[in-house]
Every structure is written in structure tokens, then in C-alpha cells.
Amino acid sequence: MKITRITVYQHDLPLEHPYWLSGGRLKFEVLDATFVRLDTDVGLVGWGEGTPWGHTYVAAHSPGIRAGIETMARFVLGLDPRRVLEVERAMDLALPGHLYAKAPIDMACWDIAGQAAGLPIADLMGGGSRTPRPIASSVGAKTAEDTREVIERYRARGYVAHSVKIGGDVERDIARVRDVESIRRPGEIVLYDVNRGWSRAEALQVMRACEDLQVTFEQPGETLDDVAALSGRHSCPVSVDESLVTLQDAARIARDGLAEVFGIKLNRVGGLTKAARMRDIALAHGIDMFVMATGGSVLADAEALHLAATVPDHACRAVWACQDMITAEIAGGRGPRNREGHLHLPEEPGLGVHPDQEALGDPVAVYEA
Ligand code: MG
């Protein structure tokens, strides 16, 4: 089997509510999505998506995905999409780094490989759990009152997991954490996501003030060096996501005991092939995982769900459904959707959901062998 054509689409995904990152640092209203269709000489078609969480968040740039694909296309055309490691090596040789540009092609290859095998991607990867995965909310509120309101809104839609965005002001952060913990229900999963919004001193202040609660803080510093500098000076569990980009990051975090949780974002780390290695490092070191897209449509959520299904139930904390935060629908309601706050693994071979091509409009680029 050979990849004969790569077709690239650009599509805007408007957010239902404008988004502010922790501390009001960044605001954006639309996600710039790239959809990639791979055609093969046997008629199988695979789809991938690359949707960064805006371009001001971390080093990921939607036009960069499309430019990266332009650079890599001739090295990928003609390869067998089922041999994901060969496709990965070809992309890494053609364009070192730029992991977020490679993820959509890797995703589309897994989609084709699953269809060829007659298996959902998770099963092709070795076995997918059918335990529905809780969806983490994204609570980007400011005050304690707003935070309660947003959590209630998500609870009404069945959510049992919440990612509460903090990282603005030390006193307000402590107050919001304490308030959320006071209304936390049994079994609810709550993560306090700092999104790099603290200095080292601020991180120590809040984390030490919350030690009695033993809540998990995500990305409490800008870099892994910052997270490492805090390590051993507080007793709160830590999750790392923005600083978990490469396999070397994963190895360092595990070896040095910098975090108890990995936040694996598929597009950031370069797709399923690379993310699966991080999963294994996590499992080998007793590290739990949140598995999610960096953003995007039901396709991106479905990809993350497949990886999450390959994580043993006890080690998978939650996934995300960015689709619930956007107003565009590109798959006609198909694919894994929020059911009582959970996503259920699709049973169709491959990814389990493809976009309506009419919804995507005309391609922005076509590369052929
Ligand atoms: Mg995060």
C-alpha cells in the first residue's frame, strides 16, 4: 500500500466562549484547524487534524502545520501508511523538530492502518479499554463565584472532571482552590491548571498554602527547570503538560521525579506514534495521565481517546472534548460525543470518524506522487 495523495484543508473553529488563559494573559476566539486527507493506491483514505490552542499559547503555529506538510509531503508520498515508524522517520529526517506539523500525518496513517486491519486504532495499538473516559472541563473563570458557576454549567452536562485554570494572583488562587475543594463532590476529578502563570516564588506560596488539600497543580512553572526548582520544596502532586513535548522531556520528568501526572497532548508531542512512547515511560514510573488534543474538532478528540483507551483504566485520569467548546461541526454529529460527561471508544475500524468534505470547503493544497 502506498500514499498517493496528501490533501490539506484549513478550517476555522470558532469558540463558543472567548478564552482567556490563566491570569488573563491570552485571549482568543477562533481555532485555526488543519485537516489532512491521505489517499492510497488501494482506495483507503485516512484523516488527520492539527489544531493548536491558538498560536500565542506555546510554540505551535497553524500556518506552520501547513508549511511543514508542504516541506515533508514529497518524503511521505509513496510510503506505506501502515508502517507508521517509517513515516515517522521520513518526517523527522525531512524536518527535524516541528512535532505539531507531523501529528496530522501520523494520525491519518494510523487511521488507514486501522481500517486496513479492520480494527479501531486503540485495538491496533495493542488493546483499547472500553471503559468510558471522563471528559475534563476547562474552567477559565476568574473569581470564586464565576468558578462555581462554570463548574455547575459543566456538571449539568454530566462532567465529573474539571481543569480549573488558575495562575493569576496568589491570594485569589488560594481562595479559588479552597472554594472549589469545598464544593467538590465525591469521585470528582479536579486539576488546578496554572498554565505557567506563576513565578517560582508564587508557585511555592500557593502550593505550600494548599498542602493540606493534596490537590494536583498542572504546569506550575514556565519550564521544566522551573518545575524542577520547586520539586521537594512542597508536597503537592504535579502534572506537566506544556513542558512535555519530547520523549527526552518525558524521560527527564520520570527519572527526576518532577511530576506524578503527564498531560499528553497529541498534537504537541507529534502524534500517536510518539505519544505511545511517553505513555510507556509514564506506566513504567507509576505516573498517571491526562490524554487530550491540543484543541480541535471531534477528530482530534477521537485520536486522543484512542490513546487514552490504551492506558490502563487506573492510570488514565481523563480526556478532553474540545468539540464541546467550539461552534463548528465538521463531522455531521458522528464520532465520539459527550455522553453524561464521558467519551466512548468508537468501534469502527481506524479513527472512527471522518469529516464531511463539504463542510471543509476547498483544499488549500494537494500533493501527489
Ligand atoms: Mg494544562
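1. The model is predicted: local features need pLDDT of at least 70 and side-chain atom pairs count only at pLDDT 80 or more, while totals for chains, interfaces and linings use all residues. Residues are numbered from 1 along each chain as its sequence is written, and side-chain values use heavy atoms, with hydrogens and water left out.

2. The domain assignment (automatic or from a database) gives domain 1 as 3-118 + 357-368 and domain 2 as 123-343. Their C-alpha centres are 23 Å apart. Domain 1 puts 40 residues into the contact and domain 2 puts in 44, where contact means heavy atoms within 4.5 Å.

3. About 3,200 Å² is buried between domain 1 and domain 2, 59% of it on carbon and sulfur atoms. Buried area here is the accessible area (1.4 Å probe) that two parts lose on being put together, summed over both.

4. Between the domains there are 3 salt bridges, each a side-chain nitrogen of Lys or Arg within 4 Å of a carboxyl oxygen of Asp or Glu. K274 and D92 form a salt bridge at 2.8 Å, N to O.

5. On the side of domain 1 that touches domain 2, α3 gives the most, with 11 residues. Helices (H or I, at least four residues) and strands (E, at least two) are DSSP runs, numbered from the N terminus.

6. The magnesium ion has D193 (OD), E218 (OE) and D241 (OD) as protein donors, at 2.1 to 2.3 Å. Donors are N, O and S atoms within 2.8 Å of the metal (3.2 Å for Na, K and Ca); water is not among the atoms, so sites may look incomplete. The spacing along the chain is D-x24-E-x22-D. E218 is in strand β7 (residues 216-218) and D241 in the loop between β8 (238-240) and α9 (247-256), so the pair ties together parts 23 residues apart in sequence.
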